[in-house]
Amino acid sequence: MAGVAARAGVAVSTASLVFSGGGPVSEATRGKVLTAAAELDYAGPDPRARSLRRGRSGVIAVVIEERVIDAFRDPVAIAFLDGIGQEISDSGAALLLVPDAGGGHTSLESAAMDAVVLVGCSPHVDRAVQTARRRGVPVVSLGGTPFADVPAVELDDREATATLAGHLRDLGHRRVATVTLPLGPERRRDRLTAEAVAAATVRTAVERLAGARSVFPDMDGVVAASSRVEEGRVAGRELLAAPDRPTAVLAQSDLLAAGVILAAEELGLSVPGDLSVVGFDGIRIDTVVPHDLTTMVQPAADQGRAAAALAIARIDGQDVASEHFRSEFHRGGTTAPPRG
């Protein structure tokens, strides 16, 4: 930098401003500095050294609970990341994606970062929080968290699902089953048993199930291995093959609901004539099945922005409180009174 400044005939501080963009420098001076840098083959200060001087990396890590390729297949995860990315970009920080599918070491152990946003209420949240605490990095959760010192952006999962269940009850349905999101880190497809619920560690699934059972206390169902259309299809075929098949299915995500609809149609059942189906999220499924799904619409991108804003505030040393968002009921064309 000193060599560039001498060649351009300016002070070192002026040359530094040209590279940092942190102050007023005339275009003529900027041109002289950049020309001198090019002649000396100088690309600018090492960002690692700048981070050491400032005590910050300019990076916010976003922990997702699955492989990146899987996260990018989930419209809700994409909306979360879009909101986070917008807010982080507006602040001038960079975003680091850290997949945490439970495989052991993650970038949280060693990567440079100023804050961590946990997305999806990962079953591995305990480990991620402990790692961040050990490194002295502030944490924000996009989703509920059992840690009182971790501010969260929360959704009304229980109340919203109770609204869906109440809609089915008001239509006259009594035999209602559910397809839940994974209940734990093993992501195993299984029947919804009391033992599985007691051992559950994924708050979103537990809260949505509690909301459904506040209306239908004896609700039975299937635990899906992931929020995927094919998982919903497999679960739907299992539920609908029973002799006392349900007249309605409450799926904990729109993708699972789309799979249930596919399963019903493959079995010769019409939706909503023979089977009512509801989902949760508010994404478009008409590329999978030609239906306007009855669902709860969550403001995913807004939640992402809020989580990133909390993280930025914590980096600046501000005290922050958790934020709460509400879902909106959308009555589509996949529910109707039961036949008979």
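Guide: Asp157 counts as buried, because its relative accessibility is 6%. Buried means under 20% relative accessible area, exposed means over 50%, and partly exposed lies in between (1.4 Å probe, protein chains only). This is a predicted model, in which local features need pLDDT of at least 70 and side-chain atom pairs count only at pLDDT 80 or more, while totals for chains, interfaces and linings use all residues. Residues are numbered from 1 along each chain as its sequence is written, and side-chain values use heavy atoms, with hydrogens and water left out.

Asp157 lies in helix H8 (residues 157–171). Helices (H or I, at least four residues) and strands (E, at least two) are DSSP runs numbered from the N terminus. Apart from its neighbours within four places in sequence, Asp157 is in contact (heavy atoms within 4.5 Å) with Thr204, Glu207, Arg208 and Phe280.

Now the chain as a whole. Its secondary structure comes to 13 helices and 13 strands, and 50% of its 340 residues are buried. Of the contacts between residues at least 6 apart in sequence, 72% join residues at least 24 apart.

Next, the sheet. Six strands form an open sheet with parallel pairing, in the order E2-E1-E3-E4-E5-E12. Two strands pair if DSSP finds at least two bridges between them. Strands E2 (94–99) and E12 (323–325) stand at the edges with a single partner strand each, so one side of each has no neighbour in the sheet. Inside the sheet, strand E1 (residues 59–64) runs parallel to strand E3 (residues 115–119) and is joined to E3 by four bridges. Ile60 stands opposite Ala115 in E3. Helix H13 packs on this sheet, touching E1, E3, strand E4 (139–142), strand E5 (152–155) and E12. The direction of H13 makes about 170 degrees with that of E4; axes are lines fitted to C-alpha atoms, for helices over the stretch in contact, and angles run from 0 to 180 degrees between N-to-C directions.

Helix H6 (residues 75–91) also belongs in this picture. The buried residues of H6 include Phe80, Leu81, Ile84 and Ile88. Seen down the axis of H6, the buried residues fall within an arc of 160 degrees (taken from the directions from the helix axis to the C-beta atoms), so they line one face of the helix. The face turned away from that side carries the exposed residues Ser89 and Asp90. Among the elements covering the buried residues of H6 are E1, E2, E3, E4 and H13.

Ile84 turns up again in the largest nonpolar core, which has 72 residues; Ile84, Val117, Val119, Val179, Leu275 and Val277 have the most contacts inside this core. Such a core is a set of buried Ala, Val, Leu, Ile, Met, Phe, Trp, Tyr and Cys residues joined through side-chain atoms within 4.5 Å. Helix H13 (residues 300–315) gives the largest share of this core, eight residues. A second, separate core of 14 residues includes Val63, Leu118, Val139 and Val150.

In H12 (residues 254–266), 10 of the 13 residues are buried, so H12 is largely enclosed by the rest of the structure. Just after H12, Gly268 takes a positive phi of about 85 degrees.

Note on methods
Expected span 1.5 Å × (residues − 1).
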